[in-house]
Amino acid sequence: MTYTGNLYFGEKTASFTEAKEPIDIIIGIPEKLQEKGRTYVIIRAHDGVPAFMNDMDDEPGTITVSTDLFL
């Protein structure tokens, strides 16, 4: 899955690669992939530099990260 920051203004769209403040992103994990002891991370690439982002909460059905950097 690739996420590019987009803002929608009616019919107009604006893309962004950085935000002034971090944005929380919550991604649901399908039930069939949820398993006790399993760990998920998000790998974010900004300006070609990868960063591993750990889940910020203990909710087993989601992975939550916060970032101000996008593609």
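Contact here means heavy atoms within 4.5 Å.

**Figure 1. Overview of the predicted chain and its contacts.** This is a predicted model, in which local features need pLDDT of at least 70, side-chain atom pairs count only at pLDDT 80 or more, and totals for chains, interfaces and linings use all residues. Residues are numbered from 1 along each chain as its sequence is written, and side-chain values use heavy atoms, with hydrogens and water left out. Among contacts between residues at least 6 apart in sequence, 54% join residues at least 24 apart. The secondary structure comprises zero helices and six strands, where helices (H or I, at least four residues) and strands (E, at least two) are DSSP runs numbered from the N terminus; the order of elements from that end is β-β-β-β-β-β. Of the 71 residues in the chain, 20% are buried (buried means under 20% relative accessible area, exposed over 50%, and partly exposed in between, with a 1.4 Å probe and protein chains only). The chain exposes about 5,800 Å², of which carbon and sulfur atoms supply 54%; accessible areas come from the Shrake-Rupley method with a 1.4 Å probe, and for residues only the protein chains shown count as cover.

**Figure 2. The salt bridge between arginine 38 and glutamate 35****.** The structure holds one salt bridge, a term for a side-chain nitrogen of Lys or Arg within 4 Å of a carboxyl oxygen of Asp or Glu. In this pair, the closest N and O atoms of arginine 38 and glutamate 35 are 3.3 Å apart. Arginine 38 is partly exposed at 40% relative accessible area, while glutamate 35 is exposed at 52%.

**Figure 3. Arginine 44 and its partner threonine 67****.** Arginine 44 lies in strand β4, and its side chain makes a polar contact of 2.8 Å with the side chain of threonine 67. Such a contact is a pair of N or O atoms within 3.5 Å; within protein, one must be able to donate a hydrogen and the other to accept it, and residues adjacent in sequence count only if both atoms are side-chain atoms. Arginine 44 and threonine 67 are 23 residues apart along the chain, with their C-alpha atoms separated by 9.0 Å. Not counting residues up to four places away in sequence, arginine 44 touches Val49, Pro50, Ala51, Met53, Thr67 and Leu69.

**Figure 4. Threonine 64 in strand β6****.** Threonine 64 belongs to the strand spanning residues 62–69 and is buried, with a relative accessible area of 9%. Its side chain is joined to that of aspartate 57 by a polar contact of 2.9 Å. Leaving aside neighbours within four places in sequence, the residues in contact with threonine 64 include Ile25, Ile26 and Asn54.

**Figure 5. Phenylalanine 16 and phenylalanine 70****.** Phenylalanine 16 is part of strand β2 (residues 12–16) and is buried at 16% relative accessible area. Although 54 residues separate phenylalanine 16 from phenylalanine 70 in sequence, the two are 7.3 Å apart in space, C-alpha to C-alpha.

**Figure 6. Aspartate 47 in the loop between β4 and β5****.** Aspartate 47 sits between β4 (41–46) and β5 (49–54), and is exposed with a relative accessible area of 64%. Its phi is near 55°, a positive value in a residue other than glycine.
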